[in-house]
Each structure stands twice: as structure tokens, then as C-alpha cells.
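Reader: Could you take me through this structure by way of a few residues and their surroundings?

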Amino acid sequence: MATSAASSPSPDQPPANKAVRVVVKGRVQGVGFRDWTAETAESLGLAGWVRNNRRDGTVEALLSGDPAKVDEMVTRRLPVGPPAAAVTAVVTSPADHIHPSLGFEIKLTV
């Protein structure tokens with residue numbers, strides 16, 4: 001039985017990436033959440049950024065990379081956060097993929 005080339009990526013073609021914009025609600029400012037997010041995302045090989053939103057007290061992030069790693073960050077890591085955080089919600093929306101070479105940065109508060 002022949003296998004379709006579309007059913008699996010070729011060895012020289014990287015797997016599809018996933019990107020999401022995330023808003024984290026709760027006690028997430030003043031507890032090291034941005035630093036923790038950057039370190040955790042980098043440890044998972046994700047690219048993107050994180051920043052505080054002064055107006056509503058949330059932390060906003062863009063996470064881009066391997067779909068399984070993005071999902072792990074969104075479903076397992078962000079809902080817990082660093083020890084002093086108290087996350088009440090993690091809200092995601094689709095985002096444009098960014099190149100992995102851009103790495104992960106902490107942006108200025110908006």
C-alpha cells in the first residue's frame with residue numbers, strides 16, 4: 001500500500017508550528033510571572049514574548065513553536081505559574097507564528 005507524501009512531513013521539512021496569544025488572569029503581577037514565563041518558555045524551546053498589562057493587571061504572552069510544547073505551556077505550566085502567583089484563568093486566541101531564531105523576550109509593560 002502506497003503512503004501519501006501529505007500524510008507525514010519529509011525529513012527536510014520541519015513540523016508545523018503553533019502560535020497562540022495568551023492572557024493570564026489572577027495575582028500575576030509583582031510575583032515574578034514574566035521572568036518565570038520567559039524561563040519556562042525557553043526551556044520548552046518556544047519563541048515569543050511576555051509583558052504585563054497595567055490597565056487590567058493581567059500578563060499577556062505570545063507563544064510560538066512545537067504544538068505539543070505550546071499546549072504544555074498553556075495547559076500545564078501557565079495555570080500554575082511561579083510559587084507566589086494565583087492564576088484564575090488562562091485565555092488563548094490564535095496568533096501568527098514567529099521564527100524560532102527570535103527567541104523569547106520580556107517586553108515593557110503596556
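This is a predicted model: local features need pLDDT of at least 70, side-chain atom pairs count only at pLDDT 80 or more; totals for chains, interfaces and linings use all residues.

Reader: What kind of aromatic pair do Phe33 and Trp36 form?

Author: Rings of Phe, Tyr and Trp (its six-membered ring) pair if their centres lie within 6.5 Å, and planes under 30 degrees apart count as stacked, over 60 as edge-to-face and the rest as tilted. By this rule the count comes to one aromatic pair. Phe33 and Trp36 lie 5.5 Å apart, centre to centre, with 55° between the planes, so by the cut-offs the pair is tilted.

Reader: Is Trp36 buried or exposed?

Author: Buried means under 20% relative accessible area, exposed over 50%, and partly exposed in between (1.4 Å probe, protein chains only). Phe33 has a relative accessible area of 2% and is buried. Trp36 has 18% relative accessibility, and therefore counts as buried.

Reader: Which residues does UniProt list for "active site", and what is the largest C-alpha distance?

Author: The unreviewed UniProt entry lists Arg34 and Asn52 under that name; its positions are given in the numbering used here, feature names are shortened, and annotations may be inferred rather than shown by experiment. Although they are spread over 19 residues of sequence, they cluster in space, the largest C-alpha distance being 7.5 Å.

Reader: Where is Asn52 placed, and is this residue buried or exposed?

Author: Asn52 belongs to strand E2 (residues 47–53), whereas Arg34 is found in helix H1 (residues 33–43). Leaving aside residues up to four places away in sequence, Asn52 touches Gln29, Arg34, Thr58, Val59, Thr109 and Val110, contact meaning heavy atoms within 4.5 Å. Arg34, at 26% relative accessibility, counts as partly exposed, whereas Asn52, at 9%, counts as buried.

Reader: How many residues apart in sequence are Gly103 and Ala47?

Author: Gly103 lies in the loop between strand E4 (86–94) and strand E5 (104–106), and touches Ala47 and Gly48, not counting residues up to four places away in sequence. From C-alpha to C-alpha, Gly103 and Ala47 are 4.6 Å apart in space, while their separation in sequence is 56 residues.

Note on methods. Residues are numbered from 1 along each chain as its sequence is written. Side-chain values use heavy atoms; hydrogens and water are left out. Helices (H or I, at least four residues) and strands (E, at least two) are DSSP runs, numbered from the N terminus.
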